[in-house]
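Colleague: I have a structure open and would like to talk it through with you. Could you put it up so that we are both looking at it?

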Amino acid sequence: LFERTHSDREWLEATLEQLPWGIFVYDRRGEILFVNPAAIQMTGYGAWSNLNTDSTPYQIIDPEDDQPLARADWPFFEAVRRETCCQRDVFFDFQTHQRDISLQATPIVDEAERPELFLGMLEDRTERRRHDRRKDEFLSIASHELRSPLTPLTGVLQLARRQRERGDDVDLSLLVRAERQVDQLTRLIDGLLDLTRIE
């Protein structure tokens with residue numbers, strides 16, 4: 001039984017070490033029993049021993065008021081107090097840069113249904129948020145650029161229609177200008193379609 005338990009623990013730790021999320025396993029006092037490489041890389045701190053006492057190279061910032069959270073308000077300890085899953089989006093402020101982190105803590109119950117251990121998970125969403133901002137900026141610019149050729153194109157077509165209604169020949173330069181505007185619209189729409197395919 002001991003060998004099997006030891007083997008199961010080694011298998012579990014090997015699995016947790018490969019996860020892309022930062023993982024902490026800790027007890028009620030905040031003592032860390034396991035931390036995976038992703039958590040160390042994400043926090044830039046490798047000497048984790050106790051969440052209550054460790055000095056960390058960062059502050060955890062509440063994005064709503066841009067103020068540091070007291071340690072007692074970290075989801076790690078909120079999960080201990082409430083004995084339930086707690087999740088919060090925070091900024092890890094390293095002074096030189098910030099990381100956008102989704103921090104979740106979940107109780108691990110024993111046979112008596114009492115949570116003695118807790119699992120903390122950190123998901124770094126910085127790049128995803130940055131990508132979303134770039135996409136929003138692109139769509140905003142693209143929508144403005146799509147509108148730009150429409151005004152002159154509408155004017156050119158109206159002039160061409162009036163010439164035709166009067167029985168005059170349509171000015172060839174009007175058609176050339178209209179064609180240029182259509183080409184510009186086509187390029188913009190192709191760019192949007194490429195973005196959709198990439199997504």
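This is a predicted model: local features need pLDDT of at least 70, side-chain atom pairs count only at pLDDT 80 or more; totals for chains, interfaces and linings use all residues.

Modeller: Before we count any pairings, two strands are taken to pair if DSSP finds at least two bridges between them.

Colleague: Fine. Which residue stands opposite glutamine 59?

Modeller: Glutamine 59 has aspartate 93 of strand 5 opposite it.

Colleague: And what does strand 3 do with strand 4, how many bridges there?

Modeller: Strand 3, which covers residues 59-62, pairs with strand 4 in the antiparallel sense over two bridges, and in this pairing isoleucine 61 has proline 68 of strand 4 as its bridge partner.

Colleague: What order do the strands take in the sheet?

Modeller: Seven strands form an open, antiparallel sheet in the order 2-1-7-6-5-3-4. The edges are strand 2 (32-35) and strand 4 (67-68), each of which pairs on one side only.

Colleague: How many bridges are there between strand 5 and strand 6?

Modeller: Eight bridges link strand 5 and strand 6, again in the antiparallel sense, and the bridge partner of valine 90 is isoleucine 101 in strand 6. These two strands form a hairpin with four residues between them, where glutamine 95 takes a positive phi near 70 degrees.

Colleague: What is aspartate 100 in contact with?

Modeller: Leaving aside neighbours within four places in sequence, aspartate 100 is in contact with Val90, Phe91, Glu123, Asp124, Arg125, Thr126 and Arg129.

Colleague: And arginine 147, where does that lie?

Modeller: Arginine 147 belongs to helix 4 (residues 126-165) and is exposed, with a relative accessible area of 61%. Its C-alpha atom is separated by 8.9 Å from that of leucine 185, which is 38 residues away along the chain.

Colleague: Let's zoom out. How many helices and strands are there in the protein chain?

Modeller: The protein chain has five helices and seven strands, following the pattern α-β-β-α-β-β-α-β-β-β-α-α along the sequence. With a radius of gyration of 29 Å, well over the 16 Å that the globule rule gives for 199 residues, the protein chain is more spread out than a compact globule. The C-alpha trace spans about 95 × 40 × 30 Å along its principal axes.

Colleague: What about burial and charge across the protein chain?

Modeller: Buried residues make up 30% of the 199 residues. As for charge, there are 26 positive and 38 negative side chains in the protein chain, and the centres of the two sets lie 8 Å apart.

Conventions. Residues are numbered from 1 along each chain as its sequence is written. Side-chain values use heavy atoms; hydrogens and water are left out. The radius of gyration is taken over C-alpha atoms; the globule rule is 2.2 Å times the number of residues to the power 0.38. Buried means under 20% relative accessible area, exposed over 50%, partly exposed in between (1.4 Å probe, protein chains only). Lys and Arg count as positive and Asp and Glu as negative; His and the chain ends are not counted. The place of a charge is taken as NZ of Lys, CZ of Arg, CG of Asp or CD of Glu. Contact means heavy atoms within 4.5 Å.
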